[in-house]
2 protein chains.
Amino acid sequence: LDAVEVNHIQMSDIISELEPLFNPKSVSLVGASKDPFSWGARIFAHLVMGSYEGKIYPVNPNEDRIFGYDSYKKVPNSDLAVISVRAQLVPGVMEECAGAGVRAAVIVTSGFKESGADGAKLEEETTRIARKSGIRFVGPNCMGVLSTTCSLTVSITPAFAPKGNISIISQSGTTGNVIVETLAPRGIGFSKYVSSGNEADLHFEDYLGYLAQDDETKVILGFIEGVRDGKKFLRVCRSLDKPFAVVKAGWTSMGKHAAASHTGSLAGADEVYDAIFRQTNVVRVHTIGELMDVGAALSVQPQPNGNRLAVVTSGGGAGVMAADSCEEHGVVLAELSKDTLGKLDKILPPFWSHRNPVDMTTAAIGDITMQTRVIRTLMECGEVDRIILIAALGMLTVNRARYEGRTFPEEMKNIIPRTDAVVALEEALARQVVNMVKKYQKPVFSINPSVMLSTIDPYVAKIVRILSQGGVVSCVSPDDAIKAFRRAVEYKKRKSIES
Amino acid sequence: LDAVEVNHIQMSDIISELEPLFNPKSVSLVGASKDPFSWGARIFAHLVMGSYEGKIYPVNPNEDRIFGYDSYKKVPNSDLAVISVRAQLVPGVMEECAGAGVRAAVIVTSGFKESGADGAKLEEETTRIARKSGIRFVGPNCMGVLSTTCSLTVSITPAFAPKGNISIISQSGTTGNVIVETLAPRGIGFSKYVSSGNEADLHFEDYLGYLAQDDETKVILGFIEGVRDGKKFLRVCRSLDKPFAVVKAGWTSMGKHAAASHTGSLAGADEVYDAIFRQTNVVRVHTIGELMDVGAALSVQPQPNGNRLAVVTSGGGAGVMAADSCEEHGVVLAELSKDTLGKLDKILPPFWSHRNPVDMTTAAIGDITMQTRVIRTLMECGEVDRIILIAALGMLTVNRARYEGRTFPEEMKNIIPRTDAVVALEEALARQVVNMVKKYQKPVFSINPSVMLSTIDPYVAKIVRILSQGGVVSCVSPDDAIKAFRRAVEYKKRKSIES
């Protein structure tokens, strides 16, 4: 379609054009339904449950009321239309939208270009109608759009996002939703998320241009299979003055073939992308896990002054593996000064490691005072810029579950850790750490193999959220933290070279 | 100490010498205590809660009864003594053990060689006494020993292990316990586990020699910082006719320095270890996550006939990333035949990927029949040896938690997935997959970002355990599964070259 036309849109235009998408005063849901298994019902419910601040108009010619809302026979005047009807009906709905003065749309429906020639025709027709009437749209064949600006949740899955400063553009809807649904229970917040689908109208690079100028967005995360307009993409990447971390899938020939059959577009030579990423401020990673860790780090951690890392652990083996991982990923382990070593000698048992990684030994397990004093010493010293805490926080509550179903004499029941006591202990340490981060502005990663439990365990979630909100990122393994650390360092490095 | 003496012990000797360690008829717990925060109380409770099949004798000169058990003033005659008293008291306790006819011991106590010269002296004295009386012992400064042969749980943490065929030797106690505590809730079973501590008497290579000949052990997992007797280690590695997967920490110079301060022993040139691993049947990995994944795969999966992998997904982006990961790790994506493609065309919507990775599209989400038919087609075809299923199983139950605390009209409550209905659906698919694995003997990895929830969520645990017990391994990400896949392939390859 009109690639030239799209190219002509100026950066300032995109801000006003995407305003009704990310901050609509009213939303029409075309295809709203009572059937709890339909997408039309789920999107409707998630919009309501997400506490959307504007007006919601369900549209369904066959219903008078849906879920207690008056249903509209035709699309009413509204800022945004969410379209979830059969593909064949979409061009007609778009005509209706045009007539009703709708300003932007999200087409969730699939069965367009990705399904073959007939679908491609429907997609072209829909795009033509939208262009004619000035309606910009997301999709088709996408998972939806989130914006915490107005608590907008357009999603098939319950991807409720807390307010925050990360925004996501994803060419894979499942991937984008997984990022929100994994980080949200950890207290990591979002500003905007768009699953871009087939990108018949709005392209990845349009959203990127918008987010580049969006004051509510501090960090942009992207999942790319291939961008439509490489020149525009490069231009936007060059203009970025905030971190943009990205997984560009299809970076191998096997992946490229898989991408071609997925999006129908050629993924493009990976070398070109890599050159763009290297030239500009883009942090490239290869897995979604890495993308989430580095995104969380760039979102909540303070900006560090240097790259010298201290590792604190109560298990010697973990310290050795962390040291290996540092060397593997080119991360500098801080050399502790005589002064610092002397201070630690006074806090720790005689057989501590006497070097970085600081192995506090098992004597530190459960000893909040000892752990706090060690961390404070490293926060105060001049030779450490960042800290990784291994297995100190959010771990203990999990043990309780391991005792379930065991038989034992009544007298032994006090062995089982009391959840409230353990949580109080961990919470006290978490608050100490968070206060020190605030005071000394040194980034901290907390290693917690149980961090995934934040989704369903209120105790783990409580500790992890105190940490996130206080600038501390929880990672599953030291290796994950060290990889995220390296990427965050890369961004900082490149930024300071440019400025 | 007497390295020469240790060297002379024959392989057959080690079997009879470690019999009282891994299959004792009675256990004395020296330092048993009522104080719920003491190690003596926790080890006692875990021994009882683990349903140890032999007799338990708590030993404490100051108590008459502990937790309802008669307490002994002195060590009674018993196969195994577990020693958890202050380091200074340990040589005396060892004398007592010798007098009482104890055959083996586990010294949990720390404060020996790892703590300095005084501790080293205590360690030498203890070892001398044990050698004189023929008592073999684990530790000191270790986390304990497990053996499901007689349901023996000697552990400070609740590391209850289900019966199975994996055995672990770990020079880091924390690491060994984490492996058991992570895999156990997933239904992955163990035979024996030893945290080897300071290795004053029994060395890593002794345990390895034992496990090499142990019929109950199918897979050995190891965490090594440095072995005492390199020649013996090499000899045992050469003799192995079962998989041995290992993390050798301290493989970089930073890691080596950290290891030196941890164990007090020189970690040794990594090149030597690497040469041994390459020459013999040893699978080397670098992280504990990898060790667990490859261990689970070698433990429960059928032995495959070839290395051609099929990836099945309902998200195109995940398929592209999996293809990238395959190429990155040298894994072969199976090329689907015309016949197979034709069969899949009849099952899947027209816009499926038409190649491997098999992107079933979102049409497959929740459609157990479609998923089962796709998997069966790949199981039946001749060109696929192994399968990775992305996000098909054990995922859905988690969504329920995301709705907690949301307000919405009563009419919308049916939108929230009913746990029983979702679990029934997932269980049906899990049983189908497990039946197909049994019939076609093709290894399957199931990708489930929520697999960690097995620890505390009974629904996730149910699905994951059905899979484990049926030979299917659950991994957090496609990347993890592909790495484990590659390692399992390596073992198979080397084995077939040798045989």
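**The A–B interface and a sheet in chain A**

Across the interface of chain A and chain B, 16 residue pairs are in polar contact, both residues at pLDDT 80 or more. A polar contact is a pair of N or O atoms within 3.5 Å; within protein, one must be able to donate a hydrogen and the other to accept it, and residues adjacent in sequence count only if both atoms are side-chain atoms. Helix 12 of chain A gives the most to the side of chain A that touches chain B, with ten residues. By class, this side has 40 nonpolar, 26 polar and 14 charged residues, where Ala, Val, Leu, Ile, Met, Phe, Trp, Tyr, Cys and Pro count as nonpolar, Asp, Glu, Lys and Arg as charged, and the others, Gly among them, as polar.

This is a predicted model: local features need pLDDT of at least 70, side-chain atom pairs count only at pLDDT 80 or more, and totals for chains, interfaces and linings use all residues. Residues are numbered from 1 along each chain as its sequence is written, chains are lettered from A in the order in which they are written, and side-chain values use heavy atoms, without hydrogens and water.

In contact (heavy atoms within 4.5 Å) are 80 residues of chain A and 81 residues of chain B.

Chain A also holds an open sheet of seven strands, in the order 9-8-11-10-12-13-14, with mixed pairing. Strands are DSSP runs (E, at least two residues), numbered from the N terminus, and two of them pair if DSSP finds at least two bridges between them. Strand 9 (152–155) and strand 14 (282–285) of chain A each have a single partner strand, so one side of each is left without a neighbour in the sheet. Strand 8 (residues 144–147) and strand 11 (residues 190–195) of chain A pair in the antiparallel sense over three bridges; A:Ser147 has A:Lys192 in strand 11 as its bridge partner.

Methods
Helices (H or I, at least four residues) and strands (E, at least two) are DSSP runs, numbered from the N terminus.
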